[in-house]
Amino acid sequence: MPALRTALATIHRDPRWWPKVLVGGALMLSLVGYPLAVGMVMVSMEHSRNGFPTPLPPWIDWTTRYLIGLFTLLIDFVFFVMPLALAGMLFFCVGLVTVVGPAVSPSVAGSVLQLVSLVAGLVLLMLFFSSVAPVARLIFAQEGNIADALGIQPLRRALSRPARRFFWRARLVSLPAYLPAGLLGLLLGTLSRTVFPGQSIVLLLIGWLFLSALLYAHLAVGQIYVAAEEEIARAEMEMRMPRC
């Protein structure tokens with residue numbers, strides 16, 4: 001996957017990439033500092049769009065970085081958490097109606113719940129693989145206008161031609177970037193179910209590494225989508241060029 005290798009190589013060209021990522025992981029571990037790490041990812045994307053992908057942003061200007069991170073988390077909430085919550089609420093309401101409402105056979109109730117689950121799942125998958133949230137981040141990084149990033153513009157951009165083809169590929173290519181974080185998360189969940197001496201310290205250390213790996217993945221994914229945006233710009237320019 002050349003795009004992923006290129007994104008990782010961009011991160012690794014900064015000789016201090018790993019202490020910066022570990023600091024970000026520690027901030028994410030505190031929860032209160034989570035927006036700072038998200039703000040770092042956004043600043044990294046902005047630098048890449050301006051032609052300066054390396055080095056990674058230093059840990060300076062914390063107030064501005066914190067505000068950027070809060071706005072970015074709002075984008076993620078609108079395009080990921082909110083649809084997930086609405087799908088769960090819809091499933092709960094339909095299930096409640098079938099249980100306490102008029103007499104409904106179990107087979108009909110089960111079919112209705114399956115249909116609701118299928119529709120909600122398809123909508124969530126569409127939002128995920130169409131890259132609406134990353135596109136909203138790109139719009140926010142480009143224009144700095146949170147209102148545009150939270151409106152209908154990201155969905156239109158993500159589904160437009162020829163952008164949707166590149167964003168679809170960017171989503172698929174970006175998935176392996178989360179593999180280290182996924183493995184550490186699995187290890188964290190496994191160890192949390194057992195009791196052993198020094199468990200708290202071990203879980204804290206693995207949790208720190210897990211969040212650091214998650215930040216590393218977010219940085220790589222940001223590079224992938226910036227590269228996809230550049231490819232889209234070239235493709236759109238070719239479409240506008242007159243053909244002989």
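This is a predicted model: local features need pLDDT of at least 70, side-chain atom pairs count only at pLDDT 80 or more; totals for chains, interfaces and linings use all residues.
## The nonpolar core

The largest nonpolar core holds 50 residues, and the members that touch the most other members are Ile-75, Phe-167, Leu-215 and Leu-219. Two or more residues come from each of helix 1 (2–12), helix 2 (17–29), helix 3 (34–49), helix 4 (62–100), helix 6, helix 7 (146–150), helix 9 (163–174) and helix 11 (199–240). Among these contributors, helix 11 gives the most, with 15 residues.

When its neighbours within four places in sequence are left aside, Leu-219 is in contact with Ile-11, Val-21, Met-40, Val-41, Ser-44 and Leu-56.

## Helix 3 against helix 6

Helix 3 and helix 6, which both give residues to the core, also pack against each other at an angle of about 65°, and their axes lie 9 Å apart. Because angles of 65 to 115 degrees count as roughly perpendicular, helix 3 is described as roughly perpendicular to helix 6. The crossing of these two helices is right-handed.

On the side of helix 3, the contact is made by Val-38, Val-41, Met-42, Met-45, Glu-46 and Arg-49, while helix 6 brings Arg-137, Leu-138, Phe-140, Ala-141 and Gln-142. Val-41 of helix 3 is also one of the residues in contact with Leu-219.

## Ser-131, in a loop

Ser-131 is placed in the loop between helix 5 (106–129) and helix 6 (132–143). Its relative accessibility is 0%, so Ser-131 counts as buried.

The side chain of Ser-131 is joined to that of Tyr-225 by a polar contact of 2.6 Å. Residues up to four places away in sequence not being counted, Ser-131 touches Phe-167, Arg-171 and Tyr-225, and Phe-167 is one of the core residues that touch the most other members.

## Thr-10, in helix 1

Thr-10 has its place in helix 1, and because buried means under 20% relative accessible area, its value of 7% makes Thr-10 a buried residue.

A polar atom of the Thr-10 side chain lies 2.9 Å from the backbone oxygen of Thr-6, and a polar contact of 3.4 Å joins the side chains of Thr-10 and Arg-13. With residues up to four places away in sequence not counted, Thr-10 touches Pro-53, Thr-54 and Gln-223.

Conventions
Residues are numbered from 1 along each chain as its sequence is written. Side-chain values use heavy atoms; hydrogens and water are left out. Helices (H or I, at least four residues) and strands (E, at least two) are DSSP runs, numbered from the N terminus. Buried means under 20% relative accessible area, exposed over 50%, partly exposed in between (1.4 Å probe, protein chains only). A polar contact is a pair of N or O atoms within 3.5 Å; within protein, one must be able to donate a hydrogen and the other to accept it, and residues adjacent in sequence count only if both atoms are side-chain atoms. Contact means heavy atoms within 4.5 Å. A nonpolar core is a set of buried Ala, Val, Leu, Ile, Met, Phe, Trp, Tyr and Cys residues joined through side-chain atoms within 4.5 Å. Axes are lines fitted to C-alpha atoms, for helices over the stretch in contact, and angles run from 0 to 180 degrees between N-to-C directions. Angles under 35 degrees count as roughly parallel, over 145 as roughly antiparallel, 65 to 115 as roughly perpendicular and the rest as oblique. A crossing is left-handed if the near helix is turned anticlockwise from the far one by less than a right angle, and right-handed if clockwise.
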